[in-house]
Amino acid sequence: MDFLLDIKTAMLPEAILSLTILMCTVLCFMLKQQIQKVIYIISLLGLVISLFSISLLAANKVFTAFYNSFSSDFFSVLMRFLILAGTLLVIVMTKDYSFTFKNRQGEFYLLILIAALGALLLAGSNDLIMIFIALETLSLCSYALSGFLKKDKSSNEAALKYLIFGGAASALMLYGFSFLYGITGLTNLTEIFSYLANNSGGTMLNLTLFTVISGFLFKVAAFPFHSWAPDVYEGAPVPVAAFLSTVSKIAGFAALVKLMGLAFNNIEIISITLGLIALLSITAGNFMALNQMNIKRLMAYSSISQTGFVLIGFALLSYMGISGAVFYLISYLIANLGAWLAIIIFNDQTSKNLISDLNGIAYNNPYFATCFGLCLLSLAGIPVTIGFMAKFYLFHAIVQMGPAYLWLLIFALLNTILSLFYYLKVIKAMFVCGQESINSKLVFNGGVLNTSFIALAVLVVILGILVTPFINIARYSALSVKLPIKQIEIFK
Amino acid sequence: MEFLSLNILIFAPLIVAGIILSPLFPNDKIIVRRFAKGFSGILFIYSILFLLFFDPYNTDYQFKENIKFFSDTNWIEPLGISLGFGLDGISIMLVVLATFLVMLALIVSKKSITTKHKLYYSLILALTTAILGMVTARDLFLFFLFWELELIPMYFLILIWGTGKKEYSAMKFVLYTFFGSLFMLGSILLLNYFHVLNTGISTFSIEALTYSRHYEIPFLFESLIFLGFFIAFAVKLPIVPLHTWLPNAHVDAPTPVSMLLAGILLKMGGYGLIRFNIQMFPEMIKVFAPMLIISGVINIIYAALVALAQKDLKLLIAYSSVSHMGFVLLGLGALNSIGITGAMFQMIAHGLISAGLFLIVGVIYFRTKTRVFSHLGGLGQVMPKAFYFTILLAFASLGLPLLIGFAAEVMIFYGAFTSNSLDGFVLSNQLMTALAAISIVITAAYLLWVLQKVFMGNMFEKWQKVQDITPHETIALTFLSIPIVLFGLYPEGVTSLFLPFVDSLVSYFTL
């Protein structure tokens with residue numbers, strides 16, 4: 001009965017989600033096309049219940065399941081909460097979109113739910129094998145999802161591109177895992193940490209770390225492994241792009257945090273490498289976003305640069321840094337999902353994707369423009385939004401590391417100016433250009449899409465003011481992460 | 001004094017902006033305008049009440065307020081950020097100036113704003129909140145927040161209601177200010193870092209970082225922090241190599257926005273220099289005083305010469321603004337009581353004068369659709385009232401005795417001449433003051449030249465039908481003229497408010 005107890009204490013949301021998936025699988029075969037919407041409702045219900053079940057998990061203790069290969073600490077609970085909330089919104093997004101899938105609606109929800117399950121397992125995994133299985137569960141579903149528009153050329157291109165890049169990255173990571181196993185003879189992360197704390201891993205460990213980390217850098221679309229992102233985001237169905245840019249990324253970051261502890265005797269190298277990757281991601285994302293005409297591609301490049309900001313928090317290898325990254329992830333999730341909701345609301349009604357199509361929309365539909373503008377301002381880091389607070393908190397964490405990290409601060413600050421250019425471009429299109437000839441008529445009704453869109457935009461502002469609880473949560477969650485810390489930090 | 005709450009003063013405009021923008025508010029331009037105008041009048045009277053109950057001899061913050069969320073002490077407890085406001089000698093005048101100019105800007109908005117009234121009036125009121133918050137913030141983070149917040153309404157105000165190359169100008173304004181503010185952010189974070197390092201407490205409170213800094217920051221970092229603040233305020237003030245956003249933004253902004261931009265937003269740079277660079281770093285300011293004075297003199301002379309070469313009326317006034325802000329730098333660089341008082345007084349004087357001059361330019365442009373002098377001329381015949389007000393404003397601007405500009409310049413020159421802040425430097429204070437004094441001639445030259453070109457001489461046939469200023473504009477200009485004359489005759493009425501504060505400021509770095 002230990003097995004069931006473990007599930008109750010550590011994996012309740014996963015268990016509920018698995019049951020939902022089984023139910024959807026059966027319904028998928030049973031229901032006719034006309035009533036496949038039932039699956040949409042059931043998957044929503046399943047997600048809501050598993051979101052509630054997270055609160056039943058005791059967050060202040062560490063629980064493990066499956067012989068230590070899954071551990072549920074405060075950090076993973078928070079990450080799993082974010083993943084579930086993100087998936088919930090992604091499913092909400094498909095409400096008016098899913099007619100494009102014709103008779104395959106059920107499959108779509110099935111794949112999204114399985115991908116979410118993979119993401120959840122990844123966020124709690126504590127074993128190399130578990131990490132790999134969870135990552136592949138997430139990835140394989142993502143490949144299928146990005147090619148879900150069968151007849152669409154760019155969707156097929158997206159799936160193939162993602163598959164090839166993803167396969168290579170997984171292979172690289174698995175290669176690293178094999179070295180890790182060769183060095184330590186262990187697969188459990190906790191045991192590997194204690195082994196490395198007492199034994200030096202040798203130079204081989206450096207190589208191992210780099211290969212393992214590159215696997216995750218691919219998943220989060222960081223600089224050298226980012227080139228798949230724009231094409232996939234553009235070609236994939238819009239909800240899938242939203243899923244990839246939020247949920248999938250959060251899962252990748254959650255797993256990356258767990259591997260940070262491996263950097264015991266290479267703190268400087270890992271820290272500097274991650275810092276450089278972070279800066280390059282921000283800069284590359286920003287520069288390439290400057291000239292984008294397509295809103296989806298713009299969001300892809302912007303998400304590459306946002307990834308870089310989160311990686312800065314990792315590069316610091318400090319509790320402050322991790323808490324900064326966690327808080328940044330929360331703000332990124334809210335603002336980015338808001339922006340994707342705006343894109344899908346716009347796309348559902350006009351099937352247009354260019355920035356110039358948004359011209360003058362503020363005078364046709366001020367609520368849409370204001371909410372979208374708020375989300376973009378949050379991504380750019382303008383007060384009073386949660387994005388501003390997140391950036392400030394992250395920069396504060398950099399400075400607390402002392403003058404050695406000032407270069408990181410300076411480049412990050414300069415990049416925030418660059419990012420302002422293209423976020424303001426969209427805002428300018430909505431509020432200023434083409435006031436006379438309004439291109440796109442947009443209806444704004446009280447549907448679930450619009451309600452959640454407005455709710456997210458309100459959250460962006462409210463959380464930008466009532467920020468203390470979120471910083472505290474980020475701090476508690478960072479404390480439950482194992483880090484190779486040598487210096488003593490002031491961390492109340 | 002229970003009814004005097006800074007929170008109400010600062011956040012009421014934002015709430016009213018929300019009310020105006022809400023769909024329930026009638027979409028009638030007259031109702032919107034009168035409501036906004038009436039509110040700004042009430043706000044001005046309310047801010048005057050603060051002035052009446054203000055105690056100039058108390059150099060500490062007064063009317064202190066602190067809003068708390070989820071915590072007993074602070075706004076963001078983990079970082080030690082408080083949502084605290086307060087007024088002291090240098091902020092009280094700027095608060096009154098801000099509410100005064102906002103009121104006048106709304107009064108003259110009737111003619112120049114013809115579209116999207118709801119959005120316009122709510123943006124102006126949101127801008128008011130940002131300005132008032134900036135001046136009264138008792139926390140570095142809060143100051144930075146309002147500093148950035150002010151960009152959004154300003155961006156839209158220039159972009160939507162502007163003329164000419166408005167997209168370019170609005171973007172340039174935002175990017176320049178944002179660029180400068182990033183240096184300030186770096187400085188704020190470093191200051192916090194050294195406080196944490198030495199005391200173990202994370203705080204952004206201005207009082208804590210000013211008065212209870214009993215530890216040494218390494219010279220390199222202290223100068224970096226100082227320069228970070230300086231660059232942010234140099235962009236805003238503006239100081240010459242960083243001034244290029246100003247002519248664009250002023251020329252392309254609508255008249256009321258130009259008034260606010262020149263009248264109050266430029267003053268934020270001067271306020272920041274006093275509040276942070278001088279008050280927080282009394283040791284560093286002595287090292288960097290030559291930089292202040294030299295850049296001040298460059299500002300004064302260079303911008304005056306550039307103004308002399310302008311063909312566009314609004315560009316000329318914009319460059320004269322740059323030139324006059326140079327006097328502020330000169331006064332601050334003197335590092336003595338009279339110099340800093342003069343700089344403060346010059347900020348107020350220039351706020352009133354430049355707002356008036358921009359209003360006059362707007363009046364002329366609205367009627368003739370041109371701002372080039374060579375197309376104008378003889379307007380004094382058809383617009384006598386505008387002519388009289390222009391004479392008053394131009395003479396105040398060039399420093400005619402018994403008008404407000406004269407009092408400010410005399411104080412600055414006296415302070416700079418008697419100062420010894422350049423001791424040990426190759427140049428002497430007296431030489432720099434003499435150099436700056438040359439500009440008086442140049443200023444007189446371009447202002448009198450404008451008066452002559454625009455209002456005197458022969459008139460083109462097509463301007464025969466030009467109307468004189470409307471009652472709204474007359475009221476606004478009269479309101480501006482009263483303090484210009486009054487405080488020109490009796491400068492002590494203003495200076496006595498901040499003199500004790502400036503004295504206490506100077507006592508920190510008595511040379």
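1. In this predicted model, helix α17 (residues 386–400) of chain A and helix α18 (residues 406–431) of chain A come within 9 Å, axis to axis, and cross at roughly 160 degrees. That makes α17(A) roughly antiparallel to α18(A); angles over 145 degrees count as such. Axes are lines fitted to C-alpha atoms over the stretch in contact, and angles run from 0 to 180 degrees between N-to-C directions. Helices are DSSP runs (H or I, at least four residues), numbered from the N terminus.

2. The α17(A) and α18(A) crossing is left-handed: the near helix is turned anticlockwise from the far one by less than a right angle. A:K391, A:F395, A:I398 and A:V399 of α17(A) meet A:L408, A:L409, A:A412 and A:T416 of α18(A). Contact means C-beta atoms, placed from the backbone, within 7 Å.

3. Helix α10 (residues 228–235) of chain A packs on helix α13 (residues 295–315) of chain A at about 140 degrees, with the axes 8 Å apart. On α10(A), the contact is made by A:A229, A:P230, A:Y233 and A:E234. On α13(A), the contact residues include A:K296, A:M299 and A:I304.

4. Chains A and B touch too: 26 residues come from chain B and 25 from chain A. On the chain B side, α8(B) gives the largest share, 11 residues.

5. Residues are numbered from 1 along each chain as its sequence is written, and chains are lettered from A, ligands numbered from 1, in the order written. Local features need pLDDT of at least 70, side-chain atom pairs count only at pLDDT 80 or more, and totals for chains, interfaces and linings use all residues.

Conventions: Helix = DSSP H or I, 4+ residues; strand = E, 2+ residues; numbered from the N terminus. Contact = placed C-beta atoms within 7 Å. Parallel < 35°, antiparallel > 145°, perpendicular 65-115°, else oblique.
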